[in-house]
Amino acid sequence: MSRPPTLTLPPCARAYRLDTARGAFAVHDARPDGAPIGTALLVPGFTGSKEDFIALLAPLAAAGFRTVAVDGRGQHESPGRSTQQAYEQQELALDVLAQARALEVPDGGPLHLLGHSLGGLITRAAVLRDPAPFRSLTVLSSGPAAIDPAQQARVRMLIDALGTMEREQVWEAMRALDPPEAADDAAPPEIAAFLRQRWLNTAPEQLIATARQMLAEPDRVDELARTGLPVHVVSGVVDYAWPVPLMDAMARRLSARRTVVEGAEHSPNAERPEKTAGALAGFWSDVG
């Protein structure tokens with residue numbers, strides 16, 4: 001999971017509920033000093049939240065982009081439902097399209113969409129349903145189809161555990177499986193407490209349904225290529241969910257811009273935010 005380096009919003013940003021035709025979603029909304037040259041909608045990954053993008057907000061606003069990071073349905077501070085059907089991929093894609101419509105303002109410039117990890121699959125589904133609201137799609141640490149087989153066993157274990165154990169117990173079991181560098185005691189106390197609370201806040205139905213999506217996602221790269229939408233594929237130098245060579249090949253199939261963020265792994269947004277923000281802003285500026 002992404003571990004934000006800070007929980008403090010920059011002065012350019014505020015937290016609120018974005019009202020849409022499909023309900024309200026918790027967001028962080030960062031604005032540049034002047035009129036934005038574009039707006040970016042950032043969709044988090046599995047077990048993630050809007051806080052995963054906090055470190056991107058100030059540099060993207062400084063580059064001229066209004067940047068809105070969202071908690072998806074049933075994630076952290078956004079309300080959810082108690083059925084897994086509410087979190088089917090097409091339902092989540094419709095949520096993204098509703099968020100996009102709610103963000104449309106006359107002076108907001110073109111709308112750029114970004115999905116991190118699982119969010120890359122959800123945003124792709126939104127674009128395939130209706131590319132019209134978006135000027136571009138950025139796929140951040142997300143691949144062409146299901147997650148790597150080496151990670152699938154852990155995800156299946158998580159699904160089974162969520163069906164039989166309390167979430168607090170599942171959290172402790174997950175932490176026990178983490179490598180030493182990802183252990184809670186390696187993070188500042190406030191970050192460790194936040195990660196635990198975010199997990200407890202997220203609807204178990206959301207976790208189970210989206211985990212199953214990562215196991216079963218088909219390859220939809222050719223469909224995405226046919227939309228003609230400019231695509232940017234971004235990753236770290238190592239990725240455990242989708243190996244980097246898979247993302248390289250996906251970018252070639254899409255004739256997409258490809259950025260590898262040095263010093264980052266699965267979460268360049270949190271691990272190397274300045275470099276990541278620079279790459280994002282450069283792409284968005286180039287595609288207009």
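Predicted model: local features only at pLDDT ≥ 70, side-chain atom pairs only at ≥ 80, totals over all residues.
1. Start with the pairing of strand β2 (residues 23-30) and β4. The two strands run antiparallel and share four bridges.

2. On to the partner strand β3 (residues 38-43). β3 and β4 run parallel, joined by five bridges. Gly38 has Phe65 of β4 as its bridge partner. Ala40 stands opposite Thr67, also in β4.

3. Now the whole sheet. The sheet is open and holds eight strands, in the order β1-β2-β4-β3-β5-β6-β7-β8. The pairing is mixed. β1 (13-20) and β8 (257-261) stand at the edges. Each of these two has a single partner strand, so one side of each lacks a neighbour in the sheet. From one strand to the next, the twist averages 25 degrees.

4. How well covered is β4 (residues 65-70)? β4 is mostly covered, with six of its six residues buried. In a regular strand, side chains alternate between the two faces of the sheet. In β4, both faces are covered. Phe65, Thr67 and Ala69 are buried on one side. Arg66, Val68 and Val70 are buried on the other.

5. A closer look at α2 itself. α2 has 15 residues. From first C-alpha to last, α2 reaches 21 Å, close to the 21 Å expected at 1.5 Å a residue. The buried residues of α2 are Gln89, Leu92, Ala93, Asp95, Val96, Leu97, Ala98, Gln99, Ala100 and Leu103. Note that Asp95 and Gln99 are on that list.

6. How do α2 and α3 pack? Helix α2 (residues 89-103) and helix α3 (residues 118-129) pack at about 75 degrees, and their axes are 8 Å apart. An angle of 65 to 115 degrees counts as roughly perpendicular, and α2 and α3 are therefore roughly perpendicular to each other. From α2, the contact uses Gln89, Gln90, Leu92, Ala93, Leu94, Val96 and Leu97. From α3, the contact uses Leu121, Ile122, Ala125, Ala126 and Arg129. The residues of this contact divide into nine nonpolar, two polar and one charged. Several of the α2 residues in the contact are also buried, among them Gln89, Leu92 and Val96.

7. Two loop residues deserve a check of the backbone. His76 is not a glycine, yet has a positive phi of about 50 degrees. His76 sits in the loop between β4 and α2. Is His76 buried or exposed? The relative accessibility of His76 is 10%, so His76 counts as buried.

8. Ser255 lies in the loop between α9 (244-254) and β8. Ser255 is exposed, at 70% relative accessible area. To sum up the pair, His76 is buried, whereas Ser255 is exposed.

How values were computed. Residues numbered from 1 in each chain as written. Heavy atoms only, no water. Axes fitted to C-alpha atoms, helices over the stretch in contact; angles between N-to-C directions. Parallel < 35°, antiparallel > 145°, perpendicular 65-115°, else oblique. Contact = heavy atoms within 4.5 Å. Nonpolar A, V, L, I, M, F, W, Y, C, P; charged D, E, K, R; others polar. Expected span 1.5 Å × (residues − 1). Buried < 20%, exposed > 50% of the residue type's maximum accessible area, 1.4 Å probe, protein only. Pairing = 2+ DSSP bridges.
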